[in-house]
Amino acid sequence: MKIETSQIANLPSRFGTFKIQTFKEGEKEHLVIFKEPLDVVPTVRVHSECLTGDAIGSLKCDCRDQLEFALKEIENHHGMVIYLRQEGRNIGLLNKVNAYALQDKGLDTVEANHQLGFDADERTYEVVEYILNHFGIKKIKLLTNNPKKMESLEGIEIVERLPIIVGENEYNEEYLQTKKDKMGHLL
Ligand SMILES: [Zn+2]
């Protein structure tokens, strides 16, 4: 896969003063947000796009809280957030809303995906290694609860896993329990 990269630009934000760079993989335009100078072993968060959570503040998931937590962490520890454009665990927004409609009828997040003909989690992380290599990063501290993410980064040494436990609320209790029970998340 050919990947096209943008220039690096400044991004002052409510969470810190960052640099940003886009990595375009096919139709997907991923965004890397980082704080200079990067730590020798930077804290890295790999965040998959969630429009309903990240932009609209949905309480059905914990995405926005995790993203905000990660941005504050990378500001404090000179790290990096890799924002991957794989909406709805990579089934896209239309299918995600259809999955939500099934959840309204009582299915859990995994059952809903299966009913629509998808795996519980369709996300991939190949581009993450490409991005880390691009920055010359060989060792990271990975901010995650998801063991699958750690396994997927074969060429990168993860010296430490930093848990990210934020964003529980009355609406996403079952969702978080399903992630723990059916998807192996360490919550
Ligand atoms: Zn979400």
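## A buried ring

Phenylalanine 34 has a relative accessible area of 2%, so this residue counts as buried. The model is a predicted one.

Phenylalanine 34 has an aromatic partner, phenylalanine 135. Their ring centres lie 5.0 Å apart. The planes meet at 70°, so the pair is edge-to-face. Phenylalanine 34 belongs to strand β4 (residues 28-34). Phenylalanine 135 sits in the loop between α6 and β7. The two residues are 101 residues apart, and their pair links distant parts of the chain.

## Aromatic pairs and a cluster

How many aromatic pairs does the whole structure hold? A search finds three. In one of them, the rings of phenylalanine 23 and phenylalanine 135 have their centres 6.2 Å apart. Their planes stand at 45°, so this pair is tilted.

Is phenylalanine 23 buried or exposed? Phenylalanine 23 is buried, at 0% relative accessible area. Phenylalanine 135 is partly exposed, at 22%. One aromatic cluster takes in Phe23, Phe34, Tyr130 and Phe135.

## A charge over a ring

Tyrosine 100 has a charge over its ring. The charged end of lysine 60 sits there, 4.5 Å from the ring centre.

## A nonpolar patch

Which residues make the nonpolar surface patch? They are Leu51, Ile56, Leu93 and Val97, and the patch covers about 340 Å². Valine 97 lies in helix α4 (residues 92-104). Its relative accessibility is 46%, so valine 97 counts as partly exposed.

Key
Residues are numbered from 1 along each chain as its sequence is written. This is a predicted model: local features need pLDDT of at least 70, side-chain atom pairs count only at pLDDT 80 or more; totals for chains, interfaces and linings use all residues. Side-chain values use heavy atoms; hydrogens and water are left out. Patches are made of residues with over 30% relative accessible area and no salt bridge: like charges are joined within 9 Å, nonpolar side chains (Val, Leu, Ile, Met, Phe, Trp, Tyr) within 5 Å. Accessible areas come from the Shrake-Rupley method with a 1.4 Å probe; for residues, only the protein chains shown count as cover. A salt bridge is a side-chain nitrogen of Lys or Arg within 4 Å of a carboxyl oxygen of Asp or Glu. Helices (H or I, at least four residues) and strands (E, at least two) are DSSP runs, numbered from the N terminus. Buried means under 20% relative accessible area, exposed over 50%, partly exposed in between (1.4 Å probe, protein chains only). Rings of Phe, Tyr and Trp (its six-membered ring) pair if their centres lie within 6.5 Å; planes under 30 degrees apart count as stacked, over 60 as edge-to-face and the rest as tilted. A charge sits over a ring if NZ of Lys or CZ of Arg is within 6 Å of the ring centre and within 35 degrees of the ring normal.
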